[in-house]
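The exercises below go through one protein model step by step. Try each task on the structure before reading its solution.

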Amino acid sequence: LLIAGAEAVAARDLDLASVILVRLRELVSCSGTTMQRVAAYFSEGLQSRIESCGGNGRGHGHYRGVRPDDTLAAFRILHEASPYIKFGHFSANQAILEAVERERRVHIVDFEIMEGIQWPPFMQALASRKGGPPHLRISALYRPRGPRRPTGLATVHETGKRLAEFAASVRVPFAFRAIPVSADTDTDTEEEEGREEEEEEEEEEGFEGVARRLGKKEGEEEEALVVNCMVHLPHMPHRTAASVSAFVRAMRTLDPTILAFVEEELGSSTSSGPAASSSSSSSSFFFEALHHYSAICDSLEDCISSPAMEALGPGPGPGPGAARMLVERVFVAPRIHRTVSLWSRSSFPDRQTPPGNLGPGLHSWHSLVRSAGFKPVPLSFHNLSQAKLLLGLYKDGFKLDERNDRLLLGWRSKPLFAASIWN
């Protein structure tokens with residue numbers, strides 16, 4: 001029924017799709033089995049798209065009002081119970097540490113800093129370096145805040161303040177700068193609604209303008225430039241292929257020492273480029289997305305089941321599974337809705353679809369990096385060993401695989417996230 005409903009939405013047979021979804025809602029549940037929950041989230045996404053196409057308003061309303069306390073609690077649970085976030089951060093940090101081992105000044109450009117939790121362990125490693133730590137500078141890119149852009153100026157400044165305090169505590173010389181980026185390539189018409197103005201912001205620029213601003217100026221000391229790009233870890237906001245491509249192309253002009261790239265492994269088995277808009281490729285992406293999020297939800301059910309994980313929630317829950325349901329409601333369900341929305345529009349585009357805003361599955365993320373002129377670098381033995389040690393702390397279902405200079409993290413037989421290093 002779910003596949004039939006998706007096909008009806010893609011074909012713009014909204015009457016048939018509505019009938020199918022009414023029947024489907026009787027069979028699924030956000031508190032049921034893994035397949036019932038995933039089907040429920042996809043059904044909600046399809047219903048949202050029907051309402052959007054029918055001119056009855058925009059979807060995702062149920063997930064726009066997530067409380068900050070719920071977001072924080074969900075993040076804590078996800079971070080502690082699963083290796084997804086740590087895998088991305090640790091793999092990138094180890095590669096960066098190895099690349100700047102002898103540098104006295106290090107400048108990191110962070111595509112998606114969010115709360116900045118990636119960097120305290122990195123600073124600790126720098127502080128223990130023989131000969132003393134280098135001077136560390138972080139340039140954090142952020143987008144003007146809106147309904148699905150939580151990382152506004154105030155949030156980034158708070159992140160910078162916390163990082164500066166931590167750097168001082170471990171005696172790492174540190175500087176931080178927040179740089180606004182124009183969101184033109186990062187949004188669609190849904191996201192443009194409700195944009196809020198920020199006080200005392202610098203003028204927004206596209207990524208090319210940011211690259212010019214970050215380029216070495218006459219008289220400045222030499223520093224190792226590092227680019228850090230995390231794309232679609234479970235707690236992160238959606239970024240379009242156009243945005244990621246524009247970012248890595250702009251950073252390539254700066255000739256960085258290293259690019260650490262961590263991506264969601266969704267879409268790599270489907271076609272890319274113009275052929276990706278064919279119906280067969282579109283259907284294969286929907287199936288892949290269904291399997292991808294089913295694997296994530298299955299892993300969360302296995303991982304977030306202990307009393308210790310339930311205790312990380314925002315308060316007494318309605319019973320077993322409350323912590324997992326919170327993580328799925330805050331992070332997974334909205335991501336599925338977004339994926340369904342972009343899938344349906346890239347399959348059968350309409351006037352509301354901006355050029356270049358095809359769904360993430362219709363591009364191979366690492367192919368965007370390669371097309372920008374970067375070349376892959378093999379991960380070190382130490383990095384691989386560290387990843388294996390990390391997975392040893394979690395459930396047996398998590399698997400590692402090294403393929404084409406990319407380190408893949410998966411649940412059972414399904415690859416979910418990948419880390420790679422480029423220069």
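**Exercise 1.** Decide how far strand β2 is enclosed by the rest of the structure.

Solution. Strand β2 covers residues 135–142; strands (E, at least two residues) and helices (H or I, at least four) are DSSP runs, numbered from the N terminus. Count its buried residues, where buried means under 20% relative accessible area, exposed over 50% and partly exposed in between (1.4 Å probe, protein chains only). Six of the eight residues are buried, so β2 is largely enclosed by the rest of the structure.

The model is predicted: local features need pLDDT of at least 70, side-chain atom pairs count only at pLDDT 80 or more, and totals for chains, interfaces and linings use all residues. Residues are numbered from 1 along each chain as its sequence is written, and side-chain values use heavy atoms, with hydrogens and water left out.

**Exercise 2.** Find the strands that pair with β2.

Solution. Two strands pair if DSSP finds at least two bridges between them. Strand β1 (residues 105–110) runs parallel to β2 and is joined to it by six bridges; Val-109 has Ser-139 as its bridge partner in β2. Between β1 and β2 the chain passes through helix α7 (residues 119–127), a right-handed β-α-β crossover. Right-handed means that, with the strands pointing away from the viewer, the path from the first strand over the helix to the second runs clockwise. Strand β3 (residues 174–180) also pairs with β2 in the parallel sense, over seven bridges, and Tyr-142 stands opposite Pro-180 in β3.

**Exercise 3.** Describe the ring pair of Phe-111 and Phe-247.

Solution. Rings of Phe, Tyr and Trp (its six-membered ring) pair if their centres lie within 6.5 Å; planes under 30 degrees apart count as stacked, over 60 as edge-to-face and the rest as tilted. The whole structure holds 12 aromatic pairs. For Phe-111 and Phe-247 the centres are 4.6 Å apart and the planes at 40 degrees, so this pair is tilted. Phe-111 lies in the loop between β1 and α7, while Phe-247 belongs to helix α11 (residues 241–252), 136 residues apart. Both residues are buried.

**Exercise 4.** Classify Phe-174 and Phe-176 by accessible area, then describe their pair.

Solution. Phe-174 has a relative accessible area of 18%, so it is buried. Phe-176 has 24%, so it is partly exposed. Their rings form a tilted pair, 6.4 Å centre to centre with 35 degrees between the planes.
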